[in-house]
Amino acid sequence: MFGKKATLAMTTIIGKGTCVNGGFSAESSVRIDGTVEGDVSLTGDLIIGSTGKVAGDIEAMSAVIGGEVIGNVVAEKKVELTATAKVLGDIY
């Protein structure tokens, strides 16, 4: 068995060194290793890598945060913070 994390299928990846100016929404799971300046709204799961940064509010099914978030995080299932996570906002 591969475990629970291996079953996550990332359909969108914002790579390190990439900057998205403006928010976005997706009907899938997303991994952010770059920078997003705007709100993120997903029907799937969100992973923010240790180099990832989001300056805006986040809505997702669940979120694993390893990078920096300046904004509120709303997740229907769960929010997991790693040792490298920095969140300036409320978590719901």
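Trainee: Is Glu37 buried, partly exposed or exposed?

Mentor: Partly exposed, because its relative accessible area is 40%, which lies between the 20% and 50% cut-offs. Keep in mind that this is a predicted model.

Trainee: Where does Glu37 sit, and in which strand?

Mentor: Glu37 belongs to strand 5, residues 35–37.

Trainee: Which residues does Glu37 touch beyond four places away in sequence?

Mentor: Contact is a heavy-atom criterion, within 4.5 Å. By that test Glu37 touches Cys19, Val20, Asn21, Gly22, Gly23 and Ala55. Take Gly22: 15 residues separate it from Glu37 along the chain, yet their C-alpha atoms are 5.5 Å apart.

Trainee: Now the core. How many residues has the largest nonpolar core, and which have the most contacts inside it?

Mentor: There are 16 residues in that core. Ile32, Val40, Leu42, Leu46, Ile48, Val54 and Ile58 have the most contacts inside it. At least two core residues come from each of strand 4 (30–32), strand 6 (40–42), strand 7 (45–48) and strand 9 (58–65).

Trainee: Which strand gives the most to this core?

Mentor: Strand 9, with four residues.

Trainee: How many bridges join strand 9 to strand 6, to strand 7 and to strand 11?

Mentor: Read pairing by bridges. Strand 6 and strand 9 run parallel with two bridges; Ser41 partners Glu59 there. Strand 7 pairs with strand 9 in the parallel sense over four, and Ile47 stands opposite Val64. Strand 11 (residues 73–81) runs parallel to strand 9, joined by seven. Ala63 has Val79 as its bridge partner in strand 11.

How values were computed: Residues are numbered from 1 along each chain as its sequence is written. This is a predicted model: local features need pLDDT of at least 70, side-chain atom pairs count only at pLDDT 80 or more; totals for chains, interfaces and linings use all residues. Side-chain values use heavy atoms; hydrogens and water are left out. Buried means under 20% relative accessible area, exposed over 50%, partly exposed in between (1.4 Å probe, protein chains only). A nonpolar core is a set of buried Ala, Val, Leu, Ile, Met, Phe, Trp, Tyr and Cys residues joined through side-chain atoms within 4.5 Å. Two strands pair if DSSP finds at least two bridges between them.
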